[in-house]
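The following paragraphs go through some charged pairs and then an annotated stretch. Have the sequence and the structure open while reading.

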There are 2 protein chains.
Amino acid sequence: MTAHEQGVRSDSVRATADASSEQQQSRETVEVPAARARAREIPEAAVARLAVYLRVLSGLADQEMTTVSSEELAAAAGVNSAKLRKDLSYIGSYGTRGVGYEVAVLIGQIERTLGLTRKHSVAVVGIGNLGHALANYGGFPGRGFPVSALFDLDPDLMGVPVGGIPVDHIDDIVEVCAEREVTIGAIATPTKGAQDVCDRLVEAGVRCILNFAPVVLQVPDEVEVRKVDLAVEMQILSFHVARRGSETTEDVDSGGAENDTGGDVAGSPAASRHMSAGAAPVDGMVVRP
Amino acid sequence: MTAHEQGVRSDSVRATADASSEQQQSRETVEVPAARARAREIPEAAVARLAVYLRVLSGLADQEMTTVSSEELAAAAGVNSAKLRKDLSYIGSYGTRGVGYEVAVLIGQIERTLGLTRKHSVAVVGIGNLGHALANYGGFPGRGFPVSALFDLDPDLMGVPVGGIPVDHIDDIVEVCAEREVTIGAIATPTKGAQDVCDRLVEAGVRCILNFAPVVLQVPDEVEVRKVDLAVEMQILSFHVARRGSETTEDVDSGGAENDTGGDVAGSPAASRHMSAGAAPVDGMVVRP
DNA sequence: CCCTGTGAAACACTTCACAGCC
DNA sequence: GGCTGTGAAGTGTTTCACAGGG
């Protein structure tokens with residue numbers, strides 16, 4: 001799922017929004033030689049699971065377990081064993097037939113594959129509730145991702161240490177990030193400031209962005225963006241609930257007009273306090289016309 | 001990859017019976033046209049994107065835009081137009097050839113499909129930094145997902161209003177959730193308490209869970225779990241950085257993997273790949289209760 | 001023409017099932 | 001016998017490209 005896909009034009013700067021420059025290739029099959037050439041590629045889906053296996057393995061290591069079978073590891077990770085073996089096969093053959101895998105070896109190999117042998121300094125932009133949570137996340141469950149810079153707009157926060165690191169002003173993103181060699185930027189600002197922050201991070205040389213703001217960021221091709229969108233997650237859950245209710249064919253029209261829409265007035269007015277850059281809000285979503 | 005396979009194994013038995021990879025479809029009516037036959041099935045991947053389209057559409061509506069073409073909407077959502085049209089076709093034909101889609105109509109149809117015409121009360125468990133962020137999300141994404149219950153273990157928090165709602169004790173999850181008709185539970189507790197909290201939510205009748213704790217929850221088949229794991233997201237980013245840096249991996253022999261990661265398929269110029277099967281998963285984060 | 005809707009082809013990911021080694 | 005590693009089959013998703021309505 002999720003979903004990610006940020007297509008974009010690489011115009012150095014944002015926006016343009018449309019610029020629909022789709023180029024259609026015309027007739028004749030175009031052919032994509034690429035297909036097979038993809039030799040040693042690890043499927044994107046497998047990469048995501050490797051990270052999960054790593055965490056499970058760390059837990060096993062803590063329990064002094066030294067070896068584990070694909071069946072056990074798979075159960076703990078919530079996937080089926082064939083898939084797990086296939087995933088592990090992408091990084092090499094480190095198991096022993098008839099026995100299983102050595103926990104320590106597997107941990108080392110997965111870390112190497114994921115590039116965790118290297119340190120990745122993280123910068124968090126937008127120190128609201130979510131930003132605080134990120135900053136305090138501290139080292140992280142698998143060490144390797146120290147948060148080394150925090151940014152916000154609120155003058156009252158400047159210099160204030162959060163999770164041990166003083167907050168800097170957003171205007172200093174470029175220099176501070178360059179100086180501290182930040183490689184990953186986490187955007188936890190409100191929607192409106194996200195693209196601007198993103199542009200600055202890119203300008204500072206950050207090529208990996210974790211975006212919590214509910215907006216599709218426009219970035220150059222060399223920048224990798226992963227989005228974490230709570231509203232989307234909830235809506236997906238909503239879809240499944242709805243579907244479950246009427247498993248019987250014939251959906252259309254789930255029931256008269258059950259609308260309650262109007263209600264909700266209460267919403268939560270108080271909500272937006274002055275947290276300069278609050279957590280990533282999610283908007284969008286309206287209720288029937 | 002949604003979290004479908006979380007938890008419980010259920011196969012383990014099977015094998016011979018139908019395993020006969022043979023074509024069992026023989027003519028005869030009924031049976032196994034499964035894949036195809038399943039009428040109104042909307043691909044999981046498409047559901048995740050519909051939520052994104054919905055948000056973009058809301059933004060267009062706010063700008064008083066009344067119609068939009070697949071090209072425009074696709075660009076704004078970061079996907080290619082063919083995919084967008086295909087996605088929309090799963091929910092019906094609401095466009096006008098030669099013109100485009102009417103924003104208001106599309107919004108209504110997507111909301112209906114995602115089951116947003118119904119209200120989903122959310123319960124947040126674990127009121128640490130993340131829990132606060134979730135509670136303050138305000139009415140949440142716009143409206144539609146009101147947070148109606150908060151839980152924690154800390155005695156000092158009992159009764160304290162966060163985002164307008166008083167915190168209750170975790171021991172009261174079952175009764176409070178049942179009473180307030182909670183349909184979605186968000187677990188923002190530390191790892192160790194997550195499974196227990198999950199069990200209580202399930203006991204309370206909650207069938208949709210959004211899990212922020214870095215642990216694989218075990219749940220009955222009828223419960224849908226989506227995981228948001230920050231560590232996993234960061235590790236995926238790390239993988240891409242590593243890969244980018246040295247196109248030449250030295251691991252187990254590398255062949256000439258050739259090619260940059262970016263390039264990607266011909267066809268559309270912009271648009272990066274990415275998207276594993278699941279939607280955007282995300283990760284964990286622990287906050288203390 | 002412009003733009004949607006969609007079958008069909010291409011590609012990606014998952015599952016099966018079994019050969020091979022301990 | 002138990003378990004890994006992997007070709008091959010199966011299933012899901014994306015892209016192509018074009019029919020057809022306005």
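In this predicted model, B:R55 and A:D229 are joined through their side chains in a salt bridge, at 2.2 Å from N to O. A salt bridge here is a side-chain nitrogen of Lys or Arg within 4 Å of a carboxyl oxygen of Asp or Glu. The pair runs from one chain to another: B:R55 belongs to helix α3 (residues 44–62) of chain B, and A:D229 to the loop between β10 (224–227) and α9 (230–245) of chain A. Helices (H or I, at least four residues) and strands (E, at least two) are DSSP runs, numbered from the N terminus. B:R55 is buried, with a relative accessible area of 9%, and A:D229 is buried at 2%. Buried means under 20% relative accessible area, exposed over 50%, and partly exposed in between (1.4 Å probe, protein chains only).

Salt bridges with shared partners also join A:E44, A:R226 and B:E233 into one network. Over all chains, a search of the whole structure finds 18 salt bridges. Side chains of opposite charge can pair when their charged atoms come close.

Another of these pairs is B:R243 with A:E41, whose side chains meet at 2.7 Å, N to O. This pair also crosses between chains, with B:R243 in helix α10 (residues 230–245) of chain B and A:E41 in the loop between α1 (34–37) and α2 (44–62) of chain A. B:R243 counts as buried because its relative accessible area is 18%, whereas A:E41 has 32% and so counts as partly exposed.

Within chain A, A:R49 forms a salt bridge with A:D87, and their closest N and O atoms are 2.6 Å apart. The two residues come from distant parts of the chain, 38 residues apart, with A:R49 in helix α2 and A:D87 in helix α4 (residues 81–91). Both A:R49 and A:D87 are buried.

The last stop is an annotated stretch. An unreviewed UniProt entry carries the annotation "binding site" for A:G126, A:I127, A:G128, A:N129, A:L130 and A:G131. UniProt positions follow the numbering used here, feature names are shortened, and annotations may be inferred rather than shown by experiment. A:I127 sits in the loop between β4 (121–125) and α6 (129–136) of chain A, and A:G128 lies in the loop between β4 and α6 as well. A:I127 is buried, with a relative accessible area of 4%, and A:G128 is buried at 2%.

Residues are numbered from 1 along each chain as its sequence is written, and chains are lettered from A and ligands numbered from 1 in the order in which they are written. As this is a predicted model, local features need pLDDT of at least 70 and side-chain atom pairs count only at pLDDT 80 or more, while totals for chains, interfaces and linings use all residues; side-chain values use heavy atoms, with hydrogens and water left out.
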